[in-house]
Amino acid sequence: MSTSTAFTDRVTVGAARRTADGYLVADAKVARTGVQEYLGSEVGRPDMAVVRVYRPAEEVFSDATMKSFAHRPMTNDHPPEHVTADNWKKYAVGQTGAEVVRDGEFVRVQLVLMDKATIAAWETGKRQLSMGYNAEIHFESGTTPDGQVYDAVQRKISHTHLS
């Protein structure tokens, strides 16, 4: 059984700096391989309290997935709908850059916050970022090469925004 689901995941941000024109720029580790835990209700399995979802390296670092990290809109909190050209001005406060690289088990991208109020929120302590993306979930149990047990596998990962 497989389902297509929208996800959000927390990300790690490196040191930020201000540009001459006031924007805030940083590198962020926005995805990783391995097993992540989700509530069953988040992945369409309310019968399971927690679902251990495996993201294999070949999915995370596939050409299509890596390209989907570039030029994504940044939002201040996750919006209630997908960010598109139709509603970009309503939600976007910045964007991810073109440089998308593998960094060990992580994917690293540059980001730039361009909205004054969001930059001020960052500078006063709002630091949690979260990647929004879509993926197929294939419910199949197994064990990763490094011995982690999983209940499902994520495939066809496509990023939509960074919040």
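This is a predicted model: local features need pLDDT of at least 70, side-chain atom pairs count only at pLDDT 80 or more; totals for chains, interfaces and linings use all residues.
Reader: Why is histidine 161 called buried?

Author: Buried means under 20% relative accessible area, exposed over 50%, and partly exposed in between, with a 1.4 Å probe and protein chains only. Histidine 161 has a relative accessible area of 9%, and is therefore buried. This histidine 161 is found in strand S12, which spans residues 152-162; strands (E, at least two residues) and helices (H or I, at least four) are DSSP runs, numbered from the N terminus.

Reader: What makes the pairing of histidine 161 with histidine 78 a polar contact?

Author: A polar contact is a pair of N or O atoms within 3.5 Å; within protein, one must be able to donate a hydrogen and the other to accept it, and residues adjacent in sequence count only if both atoms are side-chain atoms. The side chains of histidine 161 and histidine 78 are joined at 2.7 Å, so the pair is a polar contact. In terms of contact, meaning heavy atoms within 4.5 Å, histidine 161 touches several residues beyond four places away in sequence, including Arg72, Pro73, His78 and Met131.

Reader: How do you know whether aspartate 151 is buried or exposed?

Author: Its relative accessible area is 12%, which falls under 20%, so aspartate 151 is buried. Aspartate 151 is found in the loop between strand S11 (149-150) and S12. A polar contact of 2.7 Å joins its side chain to that of arginine 52. The C-alpha atoms of aspartate 151 and glutamate 140 are separated by 5.8 Å, although these residues are 11 apart along the chain. Glutamate 140 is also among the residues that aspartate 151 touches, as are Met48, Val50 and Phe139.

Reader: Why is glutamine 36 called buried, and what does its side chain reach?

Author: Glutamine 36 has 9% relative accessibility, which is under 20%, and therefore counts as buried. Glutamine 36 lies in strand S4 (residues 34-39). Its side chain reaches the backbone oxygen of threonine 33 at 3.5 Å, and makes a polar contact of 2.9 Å with the side chain of arginine 55. Beyond four places away in sequence, glutamine 36 touches Val51, Arg52, Val53 and Arg55.

Reader: Why is aspartate 77 called partly exposed?

Author: The relative accessible area of aspartate 77 is 47%, between 20% and 50%, and aspartate 77 is therefore partly exposed. Its phi is near 85°, a positive value in a residue other than glycine. Aspartate 77 is found in the loop between strand S6 (73-75) and helix H3 (88-91).

Reader: What makes the space of about 60 Å³ a cavity?

Author: On a 1 Å grid over the protein atoms alone, a cavity is a set of points where a 1.4 Å probe fits but cannot get out, and lining residues have an atom within 4 Å of a point. Its volume is the space filled by probe spheres set on the points, which are joined across faces, edges and corners. The structure holds 1 cavity of 30 Å³ or more, and the largest cavity has a volume of about 60 Å³. It is lined by 11 residues, of which Ala31, Arg55, Phe69, Ile157 and His159 lie nearest its centre. S12 gives the most to this lining, with 3 residues.

Reader: What makes a set of residues the largest nonpolar core?

Author: A nonpolar core is a set of buried Ala, Val, Leu, Ile, Met, Phe, Trp, Tyr and Cys residues joined through side-chain atoms within 4.5 Å. The largest such core has 32 residues, and those with the most contacts inside it are Val30, Phe69 and Val107. Elements that give two or more residues to this core include strand S3 (24-32), strand S7 (92-103) and S12.

Technical notes. Residues are numbered from 1 along each chain as its sequence is written. Side-chain values use heavy atoms; hydrogens and water are left out. On a 1 Å grid over the protein atoms alone, a cavity is a set of points where a 1.4 Å probe fits but cannot get out, and a pocket is an open set with protein on both sides within 12 Å along at least five of seven lines; lining residues have an atom within 4 Å of a point.
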